[in-house]
Structure formats: C-alpha cells, structure tokens
Amino acid sequence: MKKTTRIPHAGGDNLSTPHIVNPPVHRASTVLFDSVAHMHAVQAQWEKDDPDHPSPTYGITDMPNQVALQNALAELEGGYRAQIYSSGLAAVTGALLAFTKAGDHVLYTDSAYGPGRRAAQRLLQRFGVEVEFYDPLIGATSRSPGDFGWTPQAVPEGFKDRHERDLNNIRKLIRPNTTVVYCESPGSYTFEIQDVPAIAEVAHANGATVLIDNAWATGFYFNAFAHGADVVIQPVTKYIAGHSDLLMGAVIANERAWPRLRETTLDLGQTAGPDDLFNALRGLRTLGVRLPRHYETAMKVTQWLQTRPEVARVLYPALPGDPGHALWKRDFTGATGLFSVELKPVSDAQIAAMIDHYELFKIGYSWGGYESLAMPAHLSGIRSVNRWTGGPLVRFHVGLEDAGDLIADLEAGFRRLVARST
C-alpha cells in the first residue's frame, strides 16, 4: 500500500472512541482509577510498555491524541515507536541525551541545524561528552578547519568512488568511545546530501548509534531507517503540521534504540499539549498532497533561478548538476520546498532591497508551512570544520502558492537588487 494511502489512516486506531474519525482532544493531567487494585493493575500494564494497550496513568504519557500521533509518525518514518517532544529543538537535545553519557565521543555533522549543534556544544560538553564536528561530505582528510565552496566539494566521477572514499574517511574519525554519529541530510542552509548508508555501516561496525535529522524530506521522501539510521528526529512544527501554527518535535526509534529513548523521554518529562497534538495529526493527514505540490513548485522555481544572471548557484539536490544529486537520486523519492541560492557578489543593502519588498515571500526563520519565505543565510558561527567561501546565500521556502506568481515576485526582487547597485 502506498504512503499516500497509508498516511491519512495512520495512527487511526482510536481505542477510547472507536466510532470517531479523528481522536477527540483529551485535556487532562489527572487520570482516575476505580480502586487501588485498578491503579496497581494499570501501572503494571504501563510498565510493560505494550504498544497495543496504551495505559495512561498521568496526562503526560499514553493519552489518546499522543498515542495516535506517535503511531502515525512511526509509520511515516518507518520506525518502531515514537516519542513526542515540545519542540524540534527539544527533540534534538532529548535524542542526544538518550544515547550519550560522560566520557563518550559524538561525531556531529558540520552542516546541522544551528540551535541543535549549539546544544551539542554547550549541553553535552558540560556533561563530559566530547563533540567533534565532521565534514558532511566526509571529504576532509584532516580535522583542521579550512574553507569550502562548491567547486572544491565537487563529487568525484562515479558513485562507487564516493562511497568508498566516505567509508574510509568516516573510519578515520571513529574512536573506541564514539557512541553517536549525528547526520542531517540534506544539510542546513548548504544542502549537502550525506551518504547515510556508508556512515551507518561504519558507525554500526563500531557499536555507535546513528541519529539523523529528517526534517527536509520527512519519511515521505526519505526512509532513514531503511538507509541505516537508528533514530530519526522530526520537527513536527514544519512539514508534518504544515500550517505554521504549532511547536512540536518527535523522535522515532528502531526497536533496538527504543528502550533508551523511552526511558530518557520519561525522565525529561517531555510531551506536547493535547490541542497541538490534535492539530499536528490533522496536518499529517494532508502531507501526501502538500509535499508533491512543494516539490513541483520548487523544481519550477529553482530551474528558473538557474537562468538568472544574478545567481551563481542554486543549492537544491533535486537539480541535476548539484553535487549531491547522484546520492539524492539513489536514496530519496522526492524533494520538498526548501533550498538556498548563492548570489553573485552583491552588498547587504542590495539583498535587503530584494527581500524586504517581496509580496509573497515573507521573512521568517521557520519553514514547512503553506507560505513562502525568504531570509539571508549567515553561516558565521555555525560551521566548525570548514568556512563558507562562496557568495551571499539566501534561503527560500516555496509554499503552496502558484509557481508563476512566485517567479514574478522573485523577478521583481532581482530588479530591486540591480536598481539598488546604481
């Protein structure tokens, strides 16, 4: 059965009200019991962690809305079970805390989500975990900082060479105490596609757990578990919810990683409110309709952007010629609406003139909703292995508007950019 069929029904087994299509909102903190014996019986059932018989003992776990969304997300991502967090960043930090301890070494992709890498640097290292950032393309032969741009990072001819190179280079970074390898593919702002199977092969051979941020593609376009991940982090805030009106994160685990994830999530007391859970599940139902529209529109817009004289390069792995295109074509089944544009040399004032007066592209940090967004992408402070030496970057999210209208908005922006230089 195809995902477009499964997603509208995923997590739909509503044990409390089986005749209602969407699980109704259950607002509760206290759960009541019929007797002391009943309390003990429910507690014992909860401790068994039986996925077929959720047993809420308090409003923070196993509530109907929560269970429905967790089951749906596990099905979407192809994992065993899921846990809900209060935000995407909370999901990142919760997953990291679940699989590390004092004395461990973590390999963390240099192109990861900025607040997540900041948490790894500050929080984990405060608890005695060493965090080392690695080149997302696994192409660096040393750990010393350097410069990077698109020309030096060109993928060698032939995928077999790239795969073997990546295997060798990740082996050089693995230590006896490496317990986590953290991936994000494609990378934040610069959209490098990682060879996740190669990374996972080496990580697993050395007993490490592979975590991956799968925000960009979601499980709809990239099955991270099938490519070697043990744990998937999903910011529900973005494409899952799809309407820019809630904050939520989720961590999905395979069966081996699940006990540690569940234990840590309970210890951290993480969950989300029932109204947000309801809305996230409702947003998920239309994911199979929305993502193809984002993909279709983004392809039209990025292909048009490639023709513009102001553009040096479009960073979007679905485009032929992108350094990550071969891996994207091998591992992914589609693309979404987020990409960056490297401009030819222009001033900050020119970029502001372009962005400030868009009619359809609004300015905002998040993405994954129905609206289109644009913002300057500044990499200062969020790269440790390599320093970006290309031109100015602007990150775009293409929403659900008409592609022709978006192109017209972008064209007007380029006119403003050129006019500001005179």
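Axes are lines fitted to C-alpha atoms, for helices over the stretch in contact, and angles run from 0 to 180 degrees between N-to-C directions. Helices (H or I, at least four residues) and strands (E, at least two) are DSSP runs, numbered from the N terminus. The model is predicted: local features need pLDDT of at least 70, side-chain atom pairs count only at pLDDT 80 or more, and totals for chains, interfaces and linings use all residues. Residues are numbered from 1 along each chain as its sequence is written, and side-chain values use heavy atoms, with hydrogens and water left out.

Helix 3 (residues 64-77) packs with helix 10 (residues 274-284) at an angle of about 35°, and their axes lie 9 Å apart. On the side of helix 3, the contact (heavy atoms within 4.5 Å) is made by N65, Q66, A68, L69, A72 and L76. Helix 10 contributes P274, L277, F278, A280, L281 and L284. By class, this contact has 10 nonpolar, two polar and no charged residues.

Seven strands form an open sheet with mixed pairing, in the order 1-8-7-6-5-2-3; two strands pair if DSSP finds at least two bridges between them. Strand 1 (81-85) and strand 3 (130-134) are the edge strands, each pairing on one side only. Neighbouring strands of this sheet are turned by 20° against each other on average, direction ignored. Helix 3 lies across strand 1, strand 7 and strand 8.

A further open sheet has four strands in the order 9-10-13-11, with antiparallel pairing. Strand 9 (311-315) and strand 11 stand at its edges with a single partner strand each, so one side of each has no neighbour in the sheet. S340 stands opposite R395 in strand 13.

| Helix | Reference strand | Angle |
|---|---|---|
| Helix 3 | strand 1 | about 125° |
| Helix 9 (residues 258-268) | strand 1 | about 20° |
| Helix 11 (residues 287-305) | strand 10 | about 5° |
| Helix 13 (residues 348-356) | strand 11 | about 170° |

The largest pocket has a volume of about 630 Å³. A pocket is an open set of points on a 1 Å grid where a 1.4 Å probe fits, with protein on both sides within 12 Å along at least five of seven lines; lining residues have an atom within 4 Å of a point. Of the 31 lining residues, the closest to the pocket centre are Y113, P115, Y365, W367 and R395. Helix 4 (88-98), helix 5 (114-126) and strand 11 (373-377) each supply at least two lining residues.

Conventions. Points joined across faces, edges and corners; volume = space filled by probe spheres on them. Nonpolar A, V, L, I, M, F, W, Y, C, P; charged D, E, K, R; others polar.
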